[in-house]
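Work through the exercises below with the sequence and the model open. Try each task before reading its solution.

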Amino acid sequence: MPSIDVSTLLFLLSDGLLWGFTIALVALGLSLIFGVMGIVNMAHGDIYMVGAVLALYVLEWTGNFWLSIIIVPVVIGLLCVPTERFVLRPFEGRPAVTMIATVGIAYIIQQVVLATFGGMHEKMPNPWPVVINLFDVGYSGYRVLIAVISVVIIIGLWFFLYKTSYGILIRASIQDKEMANAMGINSNKIAMATFALGGALAAIGGVLAAPVTQVFYLMGADVILLCFIIVIVGGLGSLKGTLIAALMFCTLQGGMSIILTPVEAKVAIFVIMILVLLFRPRGMFAK
Amino acid sequence: MKLLETAGLTKNFGGLVAVDEVNFAVEKGELKGIIGPNGAGKTTFFNLITGSLKPTRGKVSLNGEDISGLPPHLISRKGISRTFQITNIFPEMTVYESVWAGVNSRAKQPWNPFIHAGAATDISRKTKEICQMVGLDSKMGELSTNLSHGDQRVLEIAIALSTEPILLLLDEPTQGVSPKEIDTMISVVRKVSEVAAVVLIEHNMDIVLELSDNITVLENGRTVTEGSPSEISANREVQKIFLGIE
Amino acid sequence: MPFKDSGQGLRTASSGFREFKSRMSNKQTPFVMLAVAVVVILIGPFLPPGLRSLVIEIMILCIFAMGYDILLGFTDQCSLGQSIFFGTGAYGVVLAISYLNANLWLALIIAVIASIVLAFLTGLIAVRLSEAYFVIITAIFFSIFYLLSLSMSWLTGGDDGISITVPSLSLGFTELSLYNPLVNYYFAFFFLIISYLILTRVVGSPLGKVFISIRENSERTKFLGYNVFRYKLIAFILAGLFAGLSGALYAIRLRYGSADFFSFDWSVLPIVWVLIGGTGTLIGPCIGVVIMSLFQYYVSAWWAQYLIIVGVLIIVILRVSPKGIVGYIRSRKGKVKEKG
Amino acid sequence: MERNVRLKVIGSVSLIVVLLVTMLVTACAPKSAGEEPIKIGLLANKTGGLAAYGYSHEKVAIAAVDQLNAEGGIAGRSVELYVEDDESKPSVGATKFRKLVENNGVDFVLDSNSSGVAVACCPIAKELNTIYFPCSSATEISGDKGNRYIFQACTNVREECKGAAKFAVDNIGKKWVTVVVDYSWGQANEEAFTTYVTQNGGTVLASIRVPLGTSNWLPYLKGKIPADAEAVYFANFGSDFLCFLRDLYAVRPDIEKLGAVYAISARDPAELGAPAEGLYCLTSYPTRLAGLDTPGNKEYRDIIGVNSDGLEIGTDKYFVLAYDWAVWEPIFALKAAIEKSGWTSKADNPALIETLEGMHFEAGVKFPQGDMYYRAADHATIAGIYVEQIVNGELTVAAAVPASEVVYTSLVDRTKEPF
């Protein structure tokens, strides 16, 4: 084993952890849509991508990046409502059909963005070009900032879902649709709200990640598989599981690359995920 | 030597003890009834025998051979078959196909990928026989979901019968069956008991008393008492449980 | 959350098994298939070259789609990892020819056996899981293969790939060169027919019926004495075998193999074919392949973003009939029969 | 519910019928009578990973064919261009190559920026007796993966690294580290650069390969670059390049940087900021006119609609220029070779190939990149390359490496290959 100097290891672990919070946002969105609603949303990565693209447009029009953290999720949330209402509503309860319907939606989103935004990798300027010293590395302050913002949003989500009445309605009607209907909850409206919330989370993830990953019309592909693994290894339907799995996955990825070559690190993580699934077939925190 | 015997069979889910040290036995050709209030552990008991659940303690043996903890398909191979409290059939397959699936499991090569399914004439013959036996031969081409609830319960029994069991576990066969269809259900159970030993879980006291050779009473996972139908109906303990008479 | 259409859906939607009942009575289907086969054989020489190449590709991909339907349509296992076997089949042929300079038949056999062995090994692990977990573990498997094939370019040629000169096809009495388009056409058609016959036989056989009962209610099938795990594994290996065969033929057709054969597209495309065409049938996936290939071949020249039309078409077809086109036609026919 | 269900079915079924009709119509479109036009096919990456590059290649090819027809076409015959999208995937590329030749009846095929597609199309070009000018830089295309029908239209990785190594060791540094994206193009750059740097007296201390689609390069750079390394040679582009540049600056702000061809194509240097200050990058065609200020180049850029800074006139967006010349020049090379060899149809392909082998072309509007020739032995394009540098936000040409320093001994001898 090559000698590992501790400061590098600590740096990589903390860098992975910070990045994990932003990925957690996107994964939580998927956890709501897939884990809780049962829609196998193959277009989730592309909603993340559209979030980044819209952030670039908002920056061009208003000159201010931070506005897009509010504007973009709202816009995409509104776009998600008709998508759920007219396209996905009849397929709920049939995962394989929702998978293909969302593959269709993914095709549409990708090609529309390619036709309008173009196929070029656009650079998103760093909105907060502060450099902080993290284990003697000039670490971009922006990455710490988005981790903080992500934590705030995650706490907000937790508060909304577990403390507000509307949040309880969402959780109740998702877990047992018939019962919720029997109690007079309009579960269709709730389903629309949940899908919009999931989409908005993916969009915020896209906005925050854009300055780090830059913007490209196929960037969704890097995130879609990652989110599915995190949601499932974390435990279907368990938002807590998704959060912990996201942080674990990203931190592990950072740490692994200290001893293994990059490709081996990625393959090793995939193998670990397989082992977790084998010994905990229902994921770590499944209900 | 008993056909089926459980010794000290126990199952607890965390703190809750669902089945508590149950000793139970069935003779060849006997029709044994099990009665008890809801939550007495009757269905859990069935799940333990058929391999859906692994017992925490105790032994289940069939013809003296220990089968406790085996997976469901092996226990079925040993000759134990069951129906389900909640109808558990093949909704989008026809009656013929559902029964055929069970009969085929006992064929020499159920996994044979070469011959045409229809070519196995002995399987087709047995399937038709079983359908006639339970009175579903007129509805063989019907999709299972389109059957009436009563017919679906009869189909449950037909599917269980299709694997030529030596012991048949019936879990509330008359549950949700309309009064006029109960008579057909009783005649079906009677015909079935000529072919195999039967253990019948049933809430309808008249049916249990009429059909069973011997009855066991379960409550909170424990065997309260056991005896012939006449003894049971006279037993004060049983009346207290069922009729709440102090 | 089983992947089968457990929803209310079209109650009268046909299931593969019902076809067994109807085929028992009407002998018409085999004649229809025979007629189609004869037509395809006859028009071979008269097809314009461009169209013939497209038909060859469609035939090869139909083998892949029909094999996949055994997995999704008949045992309700939605695997996202079929590109592993497609790629293994392709590399089986490419490496056998370039490193072992094997003749064509040996290369094909190596490719198919490699796919079977790999399907068995990955199946042992994957089939243990069900529903969403099965989907994700197969997705993880293919990602591993894709990453490895990209970085081990000393063996696989990476994403640049390896091109091969296809050895001649020895039929004992003559040596035919696959560079003659007609030979290639009938070579692909030969394997399509064989695959279709084998799969029809499997679907109509007791094994196929057990698959269907597993799809309809795998819990109850356990209590009938079937070792459901083993049957699901057999289905997984069958799908892997035909995916490998299709990958091998595709590599021979392209005279080339590359890491791209392991990519995400080759895992998603079979699902699109099967679900558009119709699960639980063998003709359905072929229709799905025809539609997607026609779009990619023709429509993309007018409008590079043809996938938008494909996306809309997927949603329209799924809204009209969750059982895809064949499912819809069959249920319409079913309704007419009952009324008539 | 019944009625609109029927409506929807009729909708989708009629769509399929329309498709089948067009299929038959285009399949056997009658050949136009009179003088037979020469048909050239273009395999552009209009969608997929290289979508941006396909857009520029298509635009340049159309401009070239229009220019050619304006000058009376080839040997009096007009030229038609057929464009197909290969979706940056080898399987689709091979299918579209066959469509161009078999369905549209093209005589020559140009371009695919993706090496995977190019390698997939090489055997098919030979099978269909079609001369093919791939515009991707994999060295094997002029080596064991190509054949006598293939003329690699652009400089390949080995030429670029050989040309750059001498300049790198003399002007940038002796101790190098290579950081590449872990797929064929990246690996080829790593191997070629390492061999030629060591030949020129430099040393490569570490070779880092990072998987495709990595947005966070820190784990692969932090603690991996030896302290005494003076410079980094990197082979990545698009988002990978932008993330790599930022994270390298965080780990080693002082280190010198030399990028492979393409790394900064269509990138606004000012926008890259401090991390890119002083960055060297190879290119086969200077982004700004000032880098190659010849009248021919000026006219070429006017025709394809690019201003002197490399911005597309009209959209004011940076235009991908790196390999456009390798789409433009083969069209004019074909004109010269066809007129010289008297080629009329594919039957005369052997004669045309022999003419093209070793044929020299002078710099001018038809060959803006500079003097070049197709080497007879392996059909590689022998042309000079350039090293650009970002100096306070401006792109300047730091060095022009002549073709003589780029040439390497050929790996194969096509002239002995049968047709």
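A nonpolar core is a set of buried Ala, Val, Leu, Ile, Met, Phe, Trp, Tyr and Cys residues joined through C-beta atoms within 7 Å. Buried means that 20 or more other C-beta atoms lie within 10 Å of a residue's own, with C-beta atoms placed from the backbone.

This is a predicted model, in which local features need pLDDT of at least 70, side-chain atom pairs count only at pLDDT 80 or more, and totals for chains, interfaces and linings use all residues. Residues are numbered from 1 along each chain as its sequence is written, and chains are lettered from A and ligands numbered from 1 in the order in which they are written.

**Exercise 1.** Find which residues touch the most other members of the largest nonpolar core.

Solution.
- The core has 426 residues, and those touching the most other members are A:Ile100, B:Ala158, C:Val93 and C:Ile314.
- Helix H10 (residues 228-254) of chain C gives the most to this core, 18 residues; helices (H or I, at least four residues) and strands (E, at least two) are DSSP runs, numbered from the N terminus.
- Leaving out residues up to four places away in sequence, C:Val93 touches, among others, C:Ala107, C:Leu108, C:Ala248 and C:Ile252. Contact here means C-beta atoms, placed from the backbone, within 7 Å.

**Exercise 2.** Describe how strand E1 of chain B is paired.

Solution.
- Two strands pair if DSSP finds at least two bridges between them.
- E1 (residues 4-13) of chain B runs antiparallel to E2 (residues 16-26) of chain B, with seven bridges.
- B:Phe13 stands opposite B:Leu16.
- These two strands form a hairpin with two residues between them, and B:Gly14 in the turn has a positive phi of about 60°.
- E1(B) is also joined to E4 (residues 57-62) of chain B, antiparallel, by five bridges. There B:Leu4 has B:Leu62 as its bridge partner.

**Exercise 3.** State how many residues of chain D and chain C take part in their contact.

Solution.
- Chain D gives 44 residues and chain C gives 35 residues.
- On the side of chain D, H1(D) supplies the largest share, eleven residues.
- By class, that side has 20 nonpolar, eleven polar and 13 charged residues. Ala, Val, Leu, Ile, Met, Phe, Trp, Tyr, Cys and Pro count as nonpolar, Asp, Glu, Lys and Arg as charged, and the others, Gly among them, as polar.

**Exercise 4.** Find where confidence is lowest and highest in chain A.

Solution.
- pLDDT is the predictor's confidence in each residue, from 0 to 100.
- Chain A has a mean pLDDT of 87.
- The lowest mean, 76, belongs to helix H7 (residues 177-182) of chain A, and the highest, 94, to helix H2 (residues 44-62) of chain A.

How values were computed: Contact = placed C-beta atoms within 7 Å. Buried ≥ 20, exposed ≤ 12 C-beta atoms within 10 Å, placed from the backbone.
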